[in-house]
Amino acid sequence: MAPAAGPLSSRATAAVVGGGPAGLMAAEVLAASGAEVTVYERMPSLGRKLQLAGRGGLNLTHGEAPAALLDRYGPARSRLAPAIATFGQDDLRRWCAGLGQETFVGTSGRVFPTELRATGLLRAWLRRLDASGVRFALRTTWVGWDGPGRIRLRFADEQERVVAVDVAVLALGGASWPRVGSDGAWVEVVRAAGIAVSPLRPANCGFLVDWSPRFATRFAGTPLKNVALSAAGRQVRGEAVVTATGIEGGAVYALSAGLREAIDRDGAVTLQVDLQPDLDVGRLAARLARARPTDSLSTRLRRARLAPVAGGLLREATGNLPPTGPDALAAALKAVPVHLVGLQPLARAISTAGGIALAEVDDSFMLRARSGTFVAGEMLDWEAPTGGYLLQASFSTGVAAGAGASHWLAERHGVP
Ligand SMILES: Cc1cc2nc3c(=O)[nH]c(=O)nc-3n(C[C@H](O)[C@H](O)[C@H](O)COP(=O)(O)OP(=O)(O)OC[C@H]3O[C@@H](n4cnc5c(N)ncnc54)[C@H](O)[C@@H]3O)c2cc1C
């Protein structure tokens, strides 16, 4: 756990706003330093996005070498590195074990709790926070500042009141899946205070494709299993899913930052889909050549162990005129162009790019423009692919902001 400051005078009060992984981590560190901590959360319960993340298997972090892990944060690498060095992959796993939740490394290097879901972890964590004296004010929304050391909150009774606090940590998340809490409404408030916020954009998101109505009706929801996707010089193997309006899924998410940039720049981008990445063109052509001359395209593809969606994609890409010779057909199946014309909405993305510019916070994650206000988690301007990197950075920055806040308090309220 983080090197918290302490001991503090019993009068030091800390407000943590946002009860997701980053905020709860900051609360834990602050409580350990002796501060009187209240977590303010706008939803009726805590950690809703963490619970949601757990539904598909809670990928807490990644087991790869620390330097490789840091590379996943791209331009934010150097700013996040100290926080991740202080509370890294092994610390996170030990912390889980301390809550009675052992973890394991999956085949892809991803780290999960053995129960896979977030429920047990969150329950044990909230029990421990409660036992350490952390108070929770639910249905309570931060609406802004009211001068130094004063925050404005809207309580469950819809009344707005100003609360005086010695230190505050904001961990309000991004703006994906707003129904679980983080809706990005804080952006305007923070900008109005003169703090730079990069626009919130979808990250790890799906993309829009102008499918023909026939293709969309037939294949929406169909997985593209074991494909290789390429764009902008990068190739990723994995799974994707056809949606009524486009394409999404793990392999698409992995390319999403580059695809988003290309669409922002050029208005559209072409994704190449290799529908049979285990075979080269020659071997696939040989397989396709075994068909009878009278076989339909669907039958030929089925015989070559390709799903019906492969034929559908090929027809979409060729204006319903797929090549017929085995060599040309094989080459086409290994590079089906899918024209991406936009991004699926932020509300449906796994995570959010953009946020409070990292230049706006100092090394302890305190806002330079707002002494005594610290920031953590996804509301900061960093992004990373799926694979546990999002939660790792949320937890690590939560620890760092909590430690920064407790040191800041110690300088002002420390017991001599
Ligand atoms: C479907 C899905 C699956 C995911 N799976 C994974 C995964 O397996 N691994 C992984 O690493 N990441 C995953 N993520 C991403 C991960 O859940 C987030 O990156 C992480 O929860 C961010 O933590 P946070 O504390 O910064 O923000 P959040 O978890 O969003 O918490 C912010 C909290 O602040 C509250 N809040 C917002 N505004 C206010 C306000 N004004 N006043 C009071 N409270 C406010 C919100 O209600 C919320 O509870 C997934 C995300 C989704 C959507």
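**Exercise 1.** Work out which hand the crossing of α1 and α14 has.

*Solution.* Start with the hand: α1 and α14 cross right-handed, the near helix being turned clockwise from the far one by less than a right angle. Helices here are DSSP runs of H or I with at least four residues, strands are E runs of at least two, and both are numbered from the N terminus. Bear in mind that this is a predicted model, where local features need pLDDT of at least 70, side-chain atom pairs count only at pLDDT 80 or more, and totals for chains, interfaces and linings use all residues. Residues are numbered from 1 along each chain as its sequence is written.

Next, the geometry: α1 (residues 21-32) and α14 (residues 389-413) pack at about 35°, with axes 7 Å apart. Axes are lines fitted to C-alpha atoms, for helices over the stretch in contact, and angles run from 0 to 180 degrees between N-to-C directions.

Now the residues: the contact (C-beta atoms, placed from the backbone, within 7 Å) includes Met25 and Leu30 of α1 and Phe395 and Val399 of α14.

**Exercise 2.** Find the order of the seven strands in the open sheet, then see what packs on it.

*Solution.* Read across: β17-β16-β13-β14-β15-β12-β18, paired antiparallel; pairing takes at least two DSSP bridges between two strands. At the edges sit β17 (336-340) and β18 (342-343), each pairing on one side only.

Zoom in on β14 (residues 234-242) and β15 (residues 246-248): two bridges join them, and Val241 has Glu248 of β15 as its bridge partner.

Finally, helix α9 (residues 250-266) packs on the sheet, its direction making about 100° with that of β14.

Technical notes. Contact = placed C-beta atoms within 7 Å.
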